[in-house]
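Here are a few exercises to work through with the model open beside you. Try each task before reading its solution.

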Amino acid sequence: MIEWVKKMFGQTPSSSTAKERLRLVLMTDHLALAPEIIESMKRDLVDVISRYVEVDREKVEVNFEREDKALAMLANIPITAVARPNKPEEEPKAKAEPAPAAEPEPVAEAVAAEPQAKATTSTMSGPPPTRRRRKKKAGGSKPAPAH
Amino acid sequence: MAARRIVITSGKGGVGKTTTTANVGAALAKRGHRVILIDADIGLRNLDLVLGLEKRIVFDLVEVAEGRCQLRQALIKDKRFESLSILPAAQTRDKDAITESQFAAIVEQAAEAADYVLIDCPAGIEAGFRNAVAGAKEAIVVTTPEVSAIRDADRVVGKLNDKHLPIRLIVNRLRPDMVRSGDMLSVEDVCEILSVELIGIVPDDEEIIDTTNKGEPIVLDDTARLRMIYDKIARRLEGDVVPFTNFDGQSLLGRLFGALKAG
């Protein structure tokens with residue numbers, strides 16, 4: 001009965017709130033427990049960006065912040081030099097390994113427009129918290145009806 | 001045959017580790033297995049009390065570790081089950097009164113005389129936890145459908161993964177009525193969040209308070225609603241595929257019948 005009243009007034013059930021909060025807090029916990037992963041991600045990130053602009057590797061900062069319903073990654077990557085874009089279409093391909101086309105381009109463009117230190121932000125949401133070494137076992141997670 | 005060595009742990013205190021150890025152990029013993037329960041909660045001994053064996057303690061875990069008595073002298077046989085015995089924790093010592101290797105050696109020795117060695121782990125993830133896990137080959141994580149218990153369980157699951165122990169989950173004190181009204185996380189939610197294989201769902205039932213008050217394992221009471229729940233967990237441990245009771249979507253009629261033959 002109470003649940004119907006709650007639904008009528010559009011209240012979110014507290015179990016959904018609990019699940020959402022847990023999802024976020026566990027993501028944060030897992031990240032805090034895996035500094036080596038963050039380091040490696042930081043390296044890869046800087047490698048990609050350095051194909052387009054020169055960055056100050058020593059001053060790169062990567063932080064995670066909790067936003068309303070998601071975890072956000074905030075990267076502060078100081079740029080020290082930007083080459084004059086002669087042939088914007090071909091230059092990245094010439095410099096780097098094959099096929100970086102789609103993802104890094106927006107970063108390069110944003111930087112070209114305003115060539116000072118720039119923060120890139122990406123948001124992680126949607127999929128449940130990931131953890132290395134852990135596999136979901138099929139069949140074990142859903143209680144089946146009894147006979 | 002090598003005994004199964006299973007640590008029962010949770011991270012958070014008060015979620016039902018000791019009650020689970022006592023009742024799963026009793027259920028296994030009732031099914032004919034030789035079972036040794038080890039209370040690893042040094043300083044906060046309780047497994048003896050839950051099983052009604054507190055008056056019979058002579059030696060304890062730390063005295064075995066220190067070589068002041070033999071393991072078999074310290075084991076208390078449960079008179080109600082021939083094949084169930086417990087090794088009590090020391091009550092007046094600290095968690096650091098024993099080392100990981102001493103603990104592992106005791107578990108090893110117990111395993112020679114049993115089919116199942118269940119280790120009741122203390123709360124927390126410090127020395128007491130490390131000791132309790134030291135000799136184990138498998139783990140059962142007990143949690144309740146509450147945010148704090150689940151977060152702590154997740155932390156423990158991470159620690160157990162580091163040790164490459166297979167993990168199974170018991171969701172304890174489920175309130176199906178609250179799950180239905182959206183006021184409690186469901187078993188599916190908990191399993192999804194923790195990504196661990198489920199081995200038991202224990203509904204919240206005041207009956208368990210009554211049996212622990214008396215120091216009686218629930219499987220001994222033929223009228224107990226939770227009796228079949230623990231029996232099913234024991235069978236799943238043996239490797240049987242036993243369907244889970246669906247507590248989530250029951251009708252009123254189903255609930256009435258469910259209360260009569262809960263499992």
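A residue is buried if 20 or more other C-beta atoms lie within 10 Å of its own, exposed if 12 or fewer, and partly exposed in between, with C-beta atoms placed from the backbone. Helices (H or I, at least four residues) and strands (E, at least two) are DSSP runs numbered from the N terminus. This is a predicted model, in which local features need pLDDT of at least 70 and side-chain atom pairs count only at pLDDT 80 or more, while totals for chains, interfaces and linings use all residues. Residues are numbered from 1 along each chain as its sequence is written, and chains are lettered from A and ligands numbered from 1 in the order in which they are written.

**Exercise 1. Work out how strand β2 of chain B is enclosed and which strands it pairs with.**

Step 1: Start with burial. Five of the five residues of β2(B), residues 35–39, are buried, so the strand is largely enclosed by the rest of the structure.

Step 2: Look at the two faces. Val35(B), Leu37(B) and Asp39(B) are buried on one side, and Ile36(B) and Ile38(B) on the other.

Step 3: Find the partners, bearing in mind that two strands pair if DSSP finds at least two bridges between them. With β4(B), residues 84–87, β2(B) pairs in the parallel sense over four bridges, and Leu37(B) stands opposite Ile86(B). With β5(B), residues 116–120, the pairing is also parallel, over five bridges; here Asp39(B) has Asp120(B) as its bridge partner.

**Exercise 2. Place the strands of chain B in their sheet and find its edges.**

Step 1: Write down the order. Eight strands form an open sheet, β3-β4-β2-β5-β1-β6-β7-β8, with mixed pairing.

Step 2: Go to the ends. β3(B), residues 76–77, and β8(B) each have a single partner strand, so one side of each is left without a neighbour in the sheet.

Step 3: Check the β3(B) end. β3(B) and β4(B) run antiparallel and are joined by two bridges; Lys77(B) is partnered there by Ser85(B).

**Exercise 3. Is helix α9 of chain B largely enclosed or open, and what covers its buried residues?**

Step 1: Count burial. Six of the eight residues of α9(B), residues 187–194, are buried, so this helix is largely enclosed by the rest of the structure. Among them are Val187(B), Val190(B) and Leu194(B).

Step 2: Identify the cover. It includes α2 (14–32) of chain A, together with β6, α7, β7 and β8 of chain B.

Step 3: Set the helix against the sheet. α9(B) lies across β6, β7 and β8 of chain B and runs at about 145° to β7(B), where axes are lines fitted to C-alpha atoms, for helices over the stretch in contact, and angles run from 0 to 180 degrees between N-to-C directions.

Step 4: Follow the chain onward. Ser195(B) comes after α9(B), and its phi is positive, near 50°.

How values were computed: Two residues are in contact if their C-beta atoms, placed from the backbone, lie within 7 Å.
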